[in-house]
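Here is a short note for a colleague who is opening this structure for the first time. Please keep the 3D view open while reading.

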Amino acid sequence: MLSNFEEVKAAYEKRDLIALDALASPTYRMINRRKDFRSVLMLSCNNLEHLTKIDMVEADCIVLNLEDGVSKEDKPFGLVLCAIFLSHHKKCDKKLIVRVNPLIEGGYEEITYLNQFMPDAIRVPKIRNSKEVESVYELLDDKTELHLSIETSGAWANLAKLKIDKRVTTFYLGILDLFADMNLPQNLITRDNPVMLHILSQFLITCRIIGVRPVSFVYQDFKNLEEFEKWISLEKSMGYDAKGCISPEQAKLVNKMFANDEREIRRAKTIIKLFELKREEGVTGFEDDEFGFIDEPIYKGALAILNRNE
């Protein structure tokens, strides 16, 4: 819990943006560079209750959302709350990603502001071409990954050209916006529709070829876990291993369905080896390029995985 939570809550409830902004203190964060995530859970930045549960939810990644679902009036407050909670989580076993607004709707300004709070990644929606990606690089801190939402016909046409640099690491399939931009009806979004299967296949294959992580689309009917599970089964059979979520229950199911015992064991063994080597040097907290920040709790979690499988 934030040490100054009551002050933050009071400033937000009073709609006092100046007072709220005064509580946002830039701080150094240990960047989480984890690449083997499965569940990507969306949390609205204007919802204090959701933000306080970052530590508790079972998700590999948290997307701090400033775009859809955050009203125009609430976006400035959401941005500052996002900054406050980034500073609070100086190191986090979950990857903290900020989904900014479209570039011409405040996205550029949000990226500039957020640089000082060191998110693990910035996710840019409504991207269309590589020139827009390049324009983000002129602002983005070089420690921060760049993630792109593929939800326009332009992005789809330029999919293979959008990875302009190694910092572009992840693409998200925004199926509803993509269908709308292509003038396709949403009733085509079914598990047996050939257009839908083609889009899922092309997105996955292109991402694999260019070396970015493909994250499958968010399933909106979050209460229908039975149908959600069928989508995960289909996507897993195609080769997906990560999916967007809008509820903690969805995230739990994604983690369960995409669990790979062999991969988990291999990851745990590597973390244990790395930690024990560093511990001999007197270091019990360090950053790894593949697994992110490793400390004693992460080490103990890896030991538990091995014990469970044994």
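Predicted model: local features only at pLDDT ≥ 70, side-chain atom pairs only at ≥ 80, totals over all residues.

1. The structure holds 25 salt bridges. One of them joins the side chains of Lys-91 and Asp-295, at 3.0 Å from N to O. Lys-91 sits in the loop between α4 (75-88) and β3 (95-99), and Asp-295 belongs to strand β10 (residues 292-295), so this pair ties together parts that are 204 residues apart in sequence. Are the two partners buried or exposed? Lys-91 is partly exposed, with a relative accessible area of 43%. Asp-295 has 11% relative accessibility, and because the cut-off for buried is under 20%, Asp-295 counts as buried.

2. **Asp-241 and its arginines.** Look next at the loop between α10 and β8, where Asp-241 lies. Asp-241 counts as buried, at 17% relative accessibility. Arg-213 forms a salt bridge with Asp-241, and their closest N and O atoms are 3.1 Å apart. Arg-213 lies in strand β7 (residues 213-215), so the bridge to Asp-241 ties together parts that are 28 residues apart in sequence. Arg-213 is buried too, with a relative accessible area of 12%. Arg-208 also meets Asp-241 in a salt bridge, at 3.8 Å from N to O. This second pair links distant parts of the chain, with Arg-208 in helix α9 (residues 194-210) and Asp-241 33 residues apart from it. Arg-208 counts as partly exposed, at 40% relative accessibility.

3. **α9 against α10.** The axes of α9 and α10 come within 11 Å and cross at roughly 50°. The crossing of α9 past α10 is right-handed. From α9, the contact uses Met-196, Leu-197, Leu-200, Ser-201 and Leu-204. From α10, the partners are Trp-231, Leu-234, Glu-235 and Met-238. By class, this contact has seven nonpolar, one polar and one charged residues.

4. **α4 against α5.** How are α4 and α5 oriented where they pack? Their angle is about 25°, and their axes are 11 Å apart; α5 is the helix of residues 107-114. That makes α4 roughly parallel to α5. The crossing of α4 and α5 is right-handed. Leu-79, Val-80, Cys-82, Ala-83 and Leu-86 come from α4. They meet Glu-110, Tyr-113 and Leu-114 in α5. The residues of this contact divide into seven nonpolar, no polar and one charged.

5. **Buried residues of α11.** Helix α11 covers residues 248-257. Which of its residues are buried? They are Gln-250, Ala-251, Leu-253, Val-254, Asn-255 and Met-257. These buried residues pack against β1 (39-44), α10 (225-238) and β8 (243-245).

6. **Positive phi without glycine.** Met-118 is not a glycine, yet its phi is positive, at about 55°. Met-118 lies in the loop between α5 and β4 (121-124). It is buried, with a relative accessible area of 11%. Lys-126 is not a glycine either, and its phi is also positive, at about 55°. Lys-126 is found in the loop between β4 and α6. It is partly exposed, with a relative accessible area of 25%.

7. **Asp-141 in its loop.** Asp-141 is found in the loop between α6 (130-137) and β5 (145-150). Asp-141 counts as partly exposed, at 24% relative accessibility. Beyond residues up to four places away in sequence, Asp-141 touches Asn-115 and Arg-167. Asp-141 and Asn-115 are 26 residues apart in sequence, and their C-alpha atoms are 5.8 Å apart in space.

How values were computed: Residues numbered from 1 in each chain as written. Heavy atoms only, no water. Buried < 20%, exposed > 50% of the residue type's maximum accessible area, 1.4 Å probe, protein only. Helix = DSSP H or I, 4+ residues; strand = E, 2+ residues; numbered from the N terminus. Contact = heavy atoms within 4.5 Å. Salt bridge = Lys/Arg side-chain N within 4 Å of Asp/Glu carboxyl O. Axes fitted to C-alpha atoms, helices over the stretch in contact; angles between N-to-C directions. Left-handed = near helix turned anticlockwise from the far one by under 90°. Nonpolar A, V, L, I, M, F, W, Y, C, P; charged D, E, K, R; others polar. Parallel < 35°, antiparallel > 145°, perpendicular 65-115°, else oblique.
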